[in-house]
Amino acid sequence: MSRGLPLSKMGCGTWAWGNRLLWGYDESMDGQLQAVFNCCVSQGVTLFDTGDSYGTGRLAGRSELLLGQFSRDYEGMGKDQICIATKLAAYPWRLTRSAMRSACRASADRLGRPVDLVQMHWSTANYAPWQERPLLEGLADLYEQGLVKGVGLSNYGPRQLRSVHQRFVQRGVPIATLQVQYSLLSTYPITTLGLKETCDELGIRLIAYSPLGLGLLTGKYADSKMLPGGLRGFLFRQLLPGMRPLLDGLQAIATSRTKTMAQVALNWCMAKGTIPIPGAKTLSQAQENIGALGWQLDPGEVAELDQLAARVDRKMVQNIFQTQ
Ligand SMILES: NC(=O)c1ccc[n+]([C@@H]2O[C@H](COP(=O)([O-])OP(=O)(O)OC[C@H]3O[C@@H](n4cnc5c(N)ncnc54)[C@H](OP(=O)(O)O)[C@@H]3O)[C@@H](O)[C@H]2O)c1
């Protein structure tokens, strides 16, 4: 077992924190982001996902820096449960086991505290398979050397997950988590790849990233006049026409439950046995997302959402690094 790794039922994603290009971040948001952090921890949402590649341009590393600062400043309920999960990128210039150690040390320096869960951000199997072995050995070293409480993977499919698992078992290193893109707009990891069964069999917790479909499943972008700028707006324009029935179904269930669409979308992820890590940029988004906890969709509602999701003709694009 991983060493006392506290994993809450739901987490909070921090890709947007420091990302100007895709998410429109600027430093004036930091007060809100600290309020998001404090609200999450005090309400039992203590898992925070970040990455050493997060932050654009001169803001590189900003997400880890902010998380470090917020966790040090926080004084209140749940402080001992805070779990900071970072992802180390498989950059082309990271080639050795020791490069992973240096990368984890750099993340810990930015955080000003140890990393709790260290994850391989993506597999190089699709384009540079020779690079992968030393990086994974380096990931396992971090656990063996007591530098982290747990290790995880991201964007791995079942075949590759099994192979890494087998190698790590030989070294006595458990894989605590796997994170993949999973939402009502991205059911592929479970329905096609069968990753939930594989994870259950191997004792690995499955984390659902982009569980709100980058914001689409909140319903606020249903009106095409309200689309965000840039790449997200472009993507949403392609996806929206084919997902109207899904949005209508989400809205109907949300209304009958006196919940919001975001809350229903996140609750569905939890009903599927995953830990969703929705990103939040404002306190009100975080508060709304936390409202996905403490109640459960019934099996009929889950089945109805499954059917609506299956009928969406154009799904969210899969991460290019996702392997089989
Ligand atoms: N492993 C990987 O390769 C990988 C890839 C992607 C993401 N991730 C992780 O997963 C986390 C979550 O995914 P994500 O941030 O990509 O997408 P997401 O959680 O599906 O969507 C987050 C965005 O939706 C909007 N939003 C959130 N809550 C809302 C609410 N209650 N009401 C209205 N709008 C709301 C916000 O953006 P706006 O206000 O701008 O709409 C927010 O930034 C990331 O932060 C990151 O930690 C991992």
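Modeller: Happy to. Keep in mind that this is a predicted model. Let's begin with the largest cavity: its lining has eight nonpolar residues, two polar ones and no charged ones.

Colleague: Which residues line that largest cavity?

Modeller: The lining is made of Met10, Gly11, Cys12, Cys40, Val45, Pro278, Ala280, Ala286, Asn289 and Ile290. Two elements give two or more residues to it, namely strand 1 (11–13) and helix 12.

Colleague: And which element gives the most to the lining?

Modeller: That is helix 12, with three residues.

Colleague: What volume does the largest cavity have, and how many cavities of 30 Å³ or more does the structure hold?

Modeller: The volume is about 40 Å³. The structure holds one cavity of 30 Å³ or more.

Colleague: Back to helix 12, then. Which of its residues are buried?

Modeller: Helix 12 runs over residues 283–290, and its buried residues are Ala286, Asn289 and Ile290. They sit on the same side of helix 12, because they cover an arc of only 100° around the axis.

Colleague: What covers those buried residues of helix 12?

Modeller: The cover includes helix 2 (30–42) and helix 11 (261–271). A residue worth a look here is Cys39, which is found in helix 2. Leaving out residues up to four places away in sequence, Cys39 touches Leu283, Gln287 and Ile290.

Colleague: Does Cys39 count as buried or exposed, and why?

Modeller: Cys39 counts as buried because its relative accessibility is 13%, and the cut-off for buried is under 20%.

Colleague: Let's switch to the cores. Which residues touch the most other members in the largest nonpolar core?

Modeller: Leu153 and Leu178 do, in a core of 97 residues. Helix 11 gives the most to this core, with eight residues. Apart from it lies another core of ten residues, including Leu5, Leu47, Ala85 and Ile277.

Colleague: What does Leu153 touch?

Modeller: Not counting residues up to four places away in sequence, Leu153 touches Gln119, Met120, Leu136, Leu139, Leu161, Val164, Ile175, Thr177, Leu178 and Gln179.

Colleague: Okay, pockets next. How much space lies in the largest pocket?

Modeller: About 1,200 Å³. There are 43 residues in its lining, and those nearest its centre are Trp15, Leu22, Trp23, Ser210 and Leu214. The elements that give two or more residues to this lining are helix 1 (20–23), strand 6 (175–181), helix 9 (230–239) and helix 12.

Colleague: How do the residues of that lining divide?

Modeller: In the largest pocket, 21 lining residues are nonpolar, 16 are polar and six are charged.

Colleague: New topic: helix 8. Which residues are buried there?

Modeller: Helix 8 covers residues 195–202, and the buried ones are Leu195, Lys196, Thr198, Cys199 and Leu202. Seen down the axis of helix 8, they fall within an arc of 165°, so they line one face of the helix. On the other side of helix 8, Glu197 and Glu201 are exposed.

Colleague: What covers the buried face, and what comes just after helix 8?

Modeller: The buried residues of helix 8 are covered by elements including helix 6 (158–171), strand 6, helix 7 (188–191) and strand 7 (205–209). Just after helix 8 comes Gly203, which takes a positive phi of about 70°.

Colleague: I also wondered about Gln322. Where is its place, and what is it in contact with?

Modeller: Gln322 is in the segment after helix 13 (299–310). Leaving aside neighbours within four places in sequence, Gln322 is in contact with Asn126, Asn155, Tyr156, Gly157, Val180, Tyr188, Leu193 and Leu195. Gln322 counts as buried, because its relative accessibility is 10%.

Colleague: Last one: where does His121 lie?

Modeller: His121 lies in the loop between strand 4 (117–120) and helix 5 (129–144). At 11% relative accessibility, His121 counts as buried too. Neighbours within four places in sequence aside, the contacts of His121 are Ser53, Tyr54, Lys87, Leu88, Ala89, Ser154 and Asn155.

Conventions
Residues are numbered from 1 along each chain as its sequence is written. This is a predicted model: local features need pLDDT of at least 70, side-chain atom pairs count only at pLDDT 80 or more; totals for chains, interfaces and linings use all residues. Side-chain values use heavy atoms; hydrogens and water are left out. Buried means under 20% relative accessible area, exposed over 50%, partly exposed in between (1.4 Å probe, protein chains only). Helices (H or I, at least four residues) and strands (E, at least two) are DSSP runs, numbered from the N terminus. The arc is that of the directions from the helix axis to the C-beta atoms. Contact means heavy atoms within 4.5 Å. A nonpolar core is a set of buried Ala, Val, Leu, Ile, Met, Phe, Trp, Tyr and Cys residues joined through side-chain atoms within 4.5 Å. On a 1 Å grid over the protein atoms alone, a cavity is a set of points where a 1.4 Å probe fits but cannot get out, and a pocket is an open set with protein on both sides within 12 Å along at least five of seven lines; lining residues have an atom within 4 Å of a point. Grid points are joined across faces, edges and corners, and a volume is the space filled by probe spheres set on the points. Ala, Val, Leu, Ile, Met, Phe, Trp, Tyr, Cys and Pro count as nonpolar, Asp, Glu, Lys and Arg as charged, and the others, Gly among them, as polar.
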